[in-house]
Amino acid sequence: MSRKAALALVAPLALLAGCGLQPMYAGGGSGEVARSVAAVQVSAIEGKAGWLVRNSLTDRLGAGMKQDPRYRLDVRLDEKLQGLGLLSDDAISRERRTLRARYQLVDLRSGTIMLDATASADAGIDVVSSEYAVIAAEQTALENLSHEIADQIVTRVATRLRQSR
């Protein structure tokens with residue numbers, strides 16, 4: 001490899017190293033951000049969707065790490081199941097399930113709200129002749145939306161906690 005080619009490969013790496021970017025979860029499970037998110041306590045959330053979202057949040061925030069809570073995450077959900085795509089006999093051929101979360105991250109020491117935001121996700125569901133299949137599809141959509149909402153919330157919480165350091 002020529003000196004010029006080697007320089008062409010190394011130059012972008014040197015520029016990237018100087019930009020100040022670093023992985024959010026640097027240090028893995030013992031890193032600063034991982035320890036911060038593990039100190040978030042998730043309040044109870046009403047309903048079946050609330051149970052699903054809370055479990056997803058607890059899993060993603062590192063519930064296995066034993067740490068006293070420093071923050072509290074309060075979440076309120078709004079879910080809708082809406083019929084779309086009417087056929088000629090007024091039967092619904094498609095549904096849209098929407099899940100929206102309004103959440104606040106509260107510092108337990110000072111009582112201040114560190115983050116007040118929303119997250120939302122939706123899914124389309126085909127309505128078929130089998131009622132069982134439709135119910136199963138609606139349930140699967142709710143589970144998937146719960147995971148998606150939890151991912152959005154954890155990303156925003158981790159980013160906020162990283163900024164506060």
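In the predicted model, Arg-97 stands opposite Ala-123 of strand β4. Strand β4 (residues 113-126) runs antiparallel to strand β3, to which 13 bridges join it; strands are DSSP runs of E with at least two residues and helices runs of H or I with at least four, numbered from the N terminus, and two strands pair if DSSP finds at least two bridges between them. The two strands form a hairpin with five residues between them, and Gly-111 in the turn has a positive phi of about 80 degrees. Residues are numbered from 1 along each chain as its sequence is written. Local features need pLDDT of at least 70, and side-chain atom pairs count only at pLDDT 80 or more, whereas totals for chains, interfaces and linings use all residues; side-chain values use heavy atoms, without hydrogens and water.

Asp-107 lies in β3 (residues 92-107). Its relative accessible area is 9%, and the residue is buried (under 20% relative accessible area; exposed, over 50%; partly exposed, in between; 1.4 Å probe, protein chains only). A polar atom of the Asp-107 side chain lies 2.9 Å from the backbone nitrogen of Arg-109. Beyond neighbours within four places in sequence, Asp-107 is in contact (heavy atoms within 4.5 Å) with Arg-70, Tyr-71, Thr-112 and Met-114.

In helix α3, the buried residues are Ala-49, Gly-50, Leu-52, Val-53, Ser-56, Leu-57 and Leu-61. Seen down the helix axis, they fall within an arc of 165 degrees and therefore line one face, the arc being that of the directions from the axis to the C-beta atoms. Trp-51 and Asp-59, on the other side of α3, are exposed. Gly-62, with a positive phi near 90 degrees, follows the helix.

Terms used. A polar contact is a pair of N or O atoms within 3.5 Å; within protein, one must be able to donate a hydrogen and the other to accept it, and residues adjacent in sequence count only if both atoms are side-chain atoms.
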